[in-house]
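Please work through the following exercises with the structure in view, and try each task before you read its solution.

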Amino acid sequence: MDSQAEDIRAVYHLTMAFNGTQAVRAIAMMSVAEHLADGPLPAGEIARREQCDPRATRRLLRAGVALGLLGYDADTTEFRSTPALQVLHKDNDSSLKYYAQSAGIPALWYPAARLPEAVRTGKPQAEEAVGMSLFEYLRRHPDQAREFGMGMSGVSAPVIRLAADHIEPGAARTVVDVGGAEGAFAAELLARHARLTGTVLELAPMAPRVAAEAERRGLAGRLGAEVGDFFTAVPPGDLYLLKFVLHNWDDEECVRILSTIRAAMPAGARLFVVEMVADDDRIPVGLAYMDLAMLAGLGGEERTLTEYDRLFERAGLERTGTRELLEPYACLEVQARSTDPDPTR
Ligand SMILES: C[S@@+](CC[C@H](N)C(=O)[O-])C[C@H]1O[C@@H](n2cnc3c(N)ncnc32)[C@H](O)[C@@H]1O
């Protein structure tokens with residue numbers, strides 16, 4: 001193939017990639033990974049179990065083969081699992097099943113279709129697309145909030161494990177996971193350090209998910225939810241966790257969240273911020289996709305270390321440690337600035 005034909009094919013694939021997103025989502029929703037866990041099956045059997053149209057199911061699974069998620073045996077006409085498909089199995093401890101399902105919810109998917117408007121105006125498009133913000137949408141759709149929470153735990157699992165490796169609690173006793181969804185990050189720390197107890201500060205729809213996660217991990221009684229608003233108040237604690245939260249918000253909103261945490265922090269408390277860290281010299285596709293999702297959907301952004309430092313400084317905080325996790329993620333250790341009085345007092 002000449003180089004122009006290669007370019008045409010590459011751009012064509014990029015243009016049509018939205019079908020890939022929906023194929024992965026449909027494969028996750030039809031539990032194909034779970035059905036194929038015990039061995040190959042014909043499309044008709046998966047269609048029967050899932051009460052789907054047999055021919056349409058076959059076409060979806062054939063797309064799964066093209067995308068590298070499934071194998072196919074033309075002699076037996078059976079589809080088989082692959083290591084990539086296992087990532088969509090609900091029991092995988094880093095499962096992307098619920099993240100893939102959540103990627104298609106209207107409050108994420110419809111604003112993404114308005115990316116050109118977001119670029120033109122510099123404004124997120126959730127209001128225009130679904131009439132409300134993502135988090136208001138989740139409040140009104142508890143089933144989708146549940147899936148979103150499970151999706152966050154799954155996509156976070158590898159990053160959380162690495163971040164927890166770097167957090168030495170010392171004399172700390174209490175952890176506050178601010179906007180912690182199901183509380184997977186706090187749960188990981190509590191599972192490793194028996195002296196710790198934890199609170200997940202979350203919006204109302206997520207509270208039952210925290211209880212479920214605590215129960216599932218044998219942490220009932222040590223990990224609980226507090227329903228609240230991180231723009232208003234957070235509970236006192238020795239260790240604060242703030243993971244994948246700041247990137248949802250614009251600079252002014254980030255400073256408000258950080259200032260609320262700063263106001264609650266007792267002397268010696270530490271804050272651990274986990275985010276993707278942008279670097280203009282090297283832009284991973286995952287970071288670029290997430291940044292565009294923030295642009296179109298929420299009004300947040302993926303920031304550089306310098307940009308994070310500016311936010312910390314404005315909230316009376318300073319970065320005292322930096323650990324690179326899986327690229328491009330980092331865990332930033334932050335403390336109250338010794339020279340600054342609490343900015344809210
Ligand atoms: C992108 S998720 C990150 C969840 C979790 N920290 C993680 O990394 O898996 C952002 C979370 O912030 C929560 N949230 C949004 N607005 C909030 C508010 N005003 N107060 C408390 N939590 C909020 C959402 O419910 C959601 O679970």
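A crossing of two helices is called left-handed if the near helix is turned anticlockwise from the far one by less than a right angle, and right-handed if clockwise. The model is a predicted one, in which local features need pLDDT of at least 70, side-chain atom pairs count only at pLDDT 80 or more, and totals for chains, interfaces and linings use all residues. Residues are numbered from 1 along each chain as its sequence is written, and side-chain values use heavy atoms, with hydrogens and water left out.

**Exercise 1.** Determine how H15 passes H17, and which residues make the contact.

Solution. Step one is the handedness: the crossing of H15 with H17 is right-handed. Step two is the contact (heavy atoms within 4.5 Å), to which H15 gives Asp-251, Glu-252, Cys-254, Val-255 and Leu-258, while H17 gives Leu-311, Phe-312 and Arg-314.

**Exercise 2.** Find the residue whose peptide bond to Pro-328 is cis, and state omega.

**Exercise 3.** Describe phi of Gln-51.

Solution. Gln-51 has a phi near 55 degrees, which is a positive value in a residue other than glycine.

**Exercise 4.** List the residues closest to the ligand, and say how many residues surround the ligand.

Note on methods. Helix = DSSP H or I, 4+ residues; strand = E, 2+ residues; numbered from the N terminus. Near = heavy atom within 4 Å.
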